[in-house]
There are 2 protein chains.
Amino acid sequence: MADRMRVVGKSLARVDAPGKVSGTAIYAADFALPGMLCGKVLRSTLPHARITRLDVTRAAALPGVRAVITAADVPDVRYGGGLKDETAFAKDKVRYMGQPVAAVAAATPEAAEAALAAIDVVYEPLPAVLDLEAALAPGAPLIHEAWESYTAIPILHREGNVCNRARIVAGDVERGFEEADRVFEHRFRTGMVHQGYTEPRAAVASWDSSGQVTVWSNTQLPFEVQNTLAEILQMPPSKIRVVVPGVGGGFGGKLRVGVEHFAAFLARKSGRPVRVATTSEEELTAAYPRQGSIVELKTGVTKDGRITAKAGRIWLDTGAFAGSGPGVASVATLVLAGPYKIPNLYLEGFAVYTNKTNCGSFRAPSGPQANFAVESQMDIIADALDLDPLEFRLRNIVREGDEGPTGQVLNGVGLEECLLKATAAIGWKDRRPGPGRGKGLACGWWTTTGGSSGVYVKINPDGTVALNTGAAEIGTAAITGAAQVLAEELGIDLTDISVVAADTFSTPFDFGAQGSRTAFAVGNACLAAAADLKRQIFALAAGQLGVEPDALTLADKHVAADGKRLSLADVARLSQQTGGGLIAHGTFIAPPTPYDTKRVEGHVYPAFHSPSFHAHAVDLSVDPQTGEVTIHKYVVAQDVGFAINPTYIEGQIEGGVAQGLGQTLSEEIIYEGGRVLNPNLTDYKMPTTLDVPRVESILVQHPSLVGPHGAKGVGEPPNIEPPAAVANAVAAATGVRITSLPITAEKIALGLVDARAGGA
Amino acid sequence: MADRMRVVGKSLARVDAPGKVSGTAIYAADFALPGMLCGKVLRSTLPHARITRLDVTRAAALPGVRAVITAADVPDVRYGGGLKDETAFAKDKVRYMGQPVAAVAAATPEAAEAALAAIDVVYEPLPAVLDLEAALAPGAPLIHEAWESYTAIPILHREGNVCNRARIVAGDVERGFEEADRVFEHRFRTGMVHQGYTEPRAAVASWDSSGQVTVWSNTQLPFEVQNTLAEILQMPPSKIRVVVPGVGGGFGGKLRVGVEHFAAFLARKSGRPVRVATTSEEELTAAYPRQGSIVELKTGVTKDGRITAKAGRIWLDTGAFAGSGPGVASVATLVLAGPYKIPNLYLEGFAVYTNKTNCGSFRAPSGPQANFAVESQMDIIADALDLDPLEFRLRNIVREGDEGPTGQVLNGVGLEECLLKATAAIGWKDRRPGPGRGKGLACGWWTTTGGSSGVYVKINPDGTVALNTGAAEIGTAAITGAAQVLAEELGIDLTDISVVAADTFSTPFDFGAQGSRTAFAVGNACLAAAADLKRQIFALAAGQLGVEPDALTLADKHVAADGKRLSLADVARLSQQTGGGLIAHGTFIAPPTPYDTKRVEGHVYPAFHSPSFHAHAVDLSVDPQTGEVTIHKYVVAQDVGFAINPTYIEGQIEGGVAQGLGQTLSEEIIYEGGRVLNPNLTDYKMPTTLDVPRVESILVQHPSLVGPHGAKGVGEPPNIEPPAAVANAVAAATGVRITSLPITAEKIALGLVDARAGGA
């Protein structure tokens, strides 16, 4: 098929390349308006405390200060997604260190800082819940005393500090364990990690005199922010225009309202545009990081390596507010099942409140945590059964037409090919090539998030096409992918498409740049719009050329039939003369994925849509003294369905692995007594380019039934398997099994000491 | 019909009211970007000269100066509408005093002025053509020696300094004069006048690194500016984004590229955003004013007051470049015919080059000049025949089903009703109530400009609707009118519509805010979009409510059938969940107006589409010593087809009369030796609020067959009749017939002196 394709399947330069490589692209953090003020946020200095005094009088009187606001200045509403537990500012008490208490707008950053320092706030400390165990302990203090009164979608199972419990029950797990020859139980733990986007969260807000506010934000979800701002500001969404100038990385950390509401409130009070942008310290103490977790797994297998049953639980530390927690707990259970045929399952995910920053979504939310446990245990079991880990996996993986854990029928399952190609590329046959060196393998599956997308397209006077989408380009080149689908269908070049994106007033609704869905869903909407546009082009050209519309073909920027041709530029001119120009629209909604409703409870995501499959393999050495890991080679084989733009998919894979290796080896937001110990980019150790190995990407293509040209979501998966692949390789290299993230050199070195002690 | 209407036909507040009444609306002249430079233009100081030296070295080296450009820095192209005779900068010679020679961008206005002063330019004077007579004289110097080589649409009739001659020939005019009992010949003259928009022409340009330029301009025609900039910059239009932030009045003066190209060139060269805004001096010496004119009329009538033939010629002084001249000459012939049934016509319009600023379009281009002649002569003839001027008109006006001058069949002709109502309101029976006091009457017809419009609409999450139009709101409230049409059709309130307008990238093509077409054409496109949107709403709601789509009705923001209801907000939410939100589009093109092609030559506008008809009546006194005119009452009866928003139509009428009285009584750009003598708002005498009388508006409604709800264009007509109505009233009051505009107190006083001398 790809042979007949001119645009899709080709590694063409992304539409947003020039601005990005030259450094001239405007991001939200760069966006400026004349007369704009600087907004800053005062944050709680205790993890759990009552506010006994809050006086802004002195701050408001300082020179250059134009607005100071607290909970008293904003509508008294709780907002949130499925569970409305958040407030713009802490009102009576603070629930984490970093929670907003007040905000100021001033002429300069220095004046704003001075105003923050002049706000008089007194706290009375309350007992804090500092980790999952404490939150779940009987008699634990409630983070939200009034949790039962909060508005929540009915699907959630809540109780006390648990803001959702999601469950999958399939078959009879007890009978499954009885059928097993051996049963393995393990416990895993992962830390809280930040998305590490280059650009801080930032927003500029400006009001007009009609009471309409425009917010320029680097959000991934402008329409979601529009609706949430409507709740927070208590205004109709149609009076809130959210525009995305550019996004310097999101990875799920910019899904929810971050600083937009502060900018909006401050701009309204000051009567001036206001920009609020976060500092690194704010990012690492009061953003929406990936939940830390505890996972317990119990797996039963036969002697010949067939899994008969699995029971698993994951507890996600979602911080002081639910954020994405309830949904992530739901997704986690599907990841806990793994890409395996297991007849008996009992899987639970819990989102748990603690007195920490509220966690959110991070590229493949729950994926690395749950997959780390699942795939580490696969290797442990394989070793125990004296089976090759690849062979053990091949005996259990899902294949075309198999059922997923909730009963969905799986199509386009390229997992076996991924495993075979990844292991072949890493040289799996020799997986312990020498002392201190080993190879590791991990595989997994992931969803392509559905949701709806609309696009509106029009022909420019020169025959090129403007693509109007509500989806923001967050750095993935997914909009380029969608534009390639449009260009292919219209017989034009990718460079003939100009994109107008992500403005809640002027662009159609889009579910947003999240969940690996953009190229998939916007691409499909483009197919629909192209069909509409072609129909109009043919009707117009047919009249002009004196032929039947059905006889026409569209290729090479011309409409042609019977030896007569008309360029798209001519068609465009004609359309302006004869009827408002050529405009068309297309919408897409992912069809539902049928599943067995009896198997699930508390589930926001009960099945994986157009799932992708992937295998990672790594070859590494461990320094026997320091425990330091050196990665020699990293291979990803990923079933992408169809590679719309191979280079950018490889970019997603390379970036996802780099980010995954960060959380695998070095990254963690370290809390002690409710305080973050490493709230800066020196002590929060993200990998640098020197730390990232070369990554070999192998694109496997088992088409999705729904995606454009068979494409599946590709952005999140590369982030999932690095922890398990590395843990398995470290175990192969050293015999030391690390069951908590990050796998620091210190942990390995201590393990080596223990091993030597045990061996002595 | 209006009884069943909830939104159209009502005087609802305009959608852009709050920003405008509070002074917070952003116009292009206010629009600013961080780091923006100030751009200024060096202009010719001679009307016709060869440039012998042009050196910018010294200017470019001055502090704060970031760019200096001349013809040598820009593509060597001639651009223009139907006739491409313009260049961005004068190259070898200058053709009017004020023609751009160079432009600079600097950090401050002062630095820019200093740079202009430091540009070294030497001219060698050439013989200048200073008026129409000189331009048409045998052996006159050619303004454009190479006129024959210029690209022009083939329809134009050009020769030397005449850049178009348009002609209407109907019947046999010589035989018509033979059939007449009396033949009258007169000559009239009008001055050059400026549109007087409050906001100067202004544009901000900014380039991105992909080679795309965004221009924020107060143009009336963003898509026209996009295409013209593409010619001037020699770039594809799809790389040129024109956005209209707001327009402080246009009146036809902001149709064509004014300062946008200077901003774009300077921004490219300086690498910074640049704003160029004109001064009052630039406006009055180098803008696109209304052409001065000479009109000769020869009219034959029978004794009982039937017009048997008319020969007429209008010469329009279009300045050094054609601008709108060729088209205006074409329209002028239709106005010369008048709203009368005349069997034999020979009418010619000439657009003539002179060494003055290039003239353009001004609210009803050619209307006041030609109507002043026609309607003055009607009164002269009536007096000569001893007929009441009303009665004389009633014997000759067109009525329903009559033919227009080029053979079009006229529908919705409310002229008789206009004449009767206007004269009744002014107290016509007593038209010379006392010494020095008199009443005047004038009537006319005008077109509703066609062209195409597209709109794209979508439902917001709260059930309100976003209207996306390529037409700019230039102050007329026409977009409000179109939005009323949309709201009516969708069963929502006007306040439920938010408008996104006039961005060549994000909004559909629109022929632009010109020719009284906006509410008419955009309103019709809204009807089409509403039909599309309703179909989708019904399909979605039918599925949800379990009823047939055909059974549903849409009213009061709800879809309902069989006692079941769904709010539009629910439909909106449903649509976001199930398919990309609800988006729809609609396009409109005015159907052609059939006419007799054999009657016309050189015609860009051979017929009036959905013509409007109007009568003005004025009651005034003339001071017998000073000649000063005091207007007691001014009445306009205008056939608007259907009044979508009566208050704003009255606003158009009041404003049009005020503007028309300015050119009638006091306004003129006075040239002497090629130099404007009054290039400032002290000496160029626009009326103030104290000068403008109360205007009584009578809305007559004979529906157009094409307009939304029967509406016709309403914006331009009120500007047409004031000169003739006042001239006729002055004659009634004093016996003095003024045949040139403006009708200054001085001219009247001199006329009174002459009359007294003649009477003595």
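**View 1. Helix H16 (residues 646-665) of chain A lies across strand E26 (629-639) and E29 of chain A, running at about 125° to E29(A).** The model is predicted: local features need pLDDT of at least 70, side-chain atom pairs count only at pLDDT 80 or more, and totals for chains, interfaces and linings use all residues. Residues are numbered from 1 along each chain as its sequence is written, and chains are lettered from A and ligands numbered from 1 in the order in which they are written. Helices (H or I, at least four residues) and strands (E, at least two) are DSSP runs, numbered from the N terminus. Axes are lines fitted to C-alpha atoms, for helices over the stretch in contact; angles run from 0 to 180 degrees between N-to-C directions.

**View 2. An open, mixed sheet of four strands in chain A runs in the order E16-E25-E26-E29.** Strand E16 (437-446) and strand E29 (695-700) of chain A are its edges, each pairing on one side only. Pairing requires at least two DSSP bridges between two strands. The twist from one strand to the next averages 15°. E16(A) pairs with strand E25 (residues 612-622) of chain A in the antiparallel sense, over 10 bridges. A:Trp445 stands opposite A:Phe613 in E25(A).

**View 3. Helix H16 (residues 646-665) of chain B is largely enclosed by the rest of the structure, because 17 of its 20 residues are buried.** A residue is buried if 20 or more other C-beta atoms, placed from the backbone, lie within 10 Å of its own, exposed if 12 or fewer, and partly exposed in between. From first C-alpha to last, H16 of chain B reaches 28 Å, close to the 28 Å expected at 1.5 Å a residue. The expected span is 1.5 Å times one less than the number of residues.

**View 4. A:Ser210 sits in the loop between strand E9 (202-207) and strand E10 (213-217) of chain A.** A:Ser210 is partly exposed, with 17 other C-beta atoms within 10 Å. Leaving aside neighbours within four places in sequence, A:Ser210 is in contact with B:Pro18 and B:Gly19. Contact means C-beta atoms, placed from the backbone, within 7 Å.

**View 5. At the interface, 42 residues of chain B are in contact with 42 residues of chain A.** Elements of chain B that each supply at least two residues to this side include helix H1 (17-22), strand E17 (452-459) and helix H15 (568-579). The side of chain B that touches chain A divides into 16 nonpolar, 23 polar and three charged residues. Ala, Val, Leu, Ile, Met, Phe, Trp, Tyr, Cys and Pro count as nonpolar, Asp, Glu, Lys and Arg as charged, and the others, Gly among them, as polar.

Notes: Contact = placed C-beta atoms within 7 Å.
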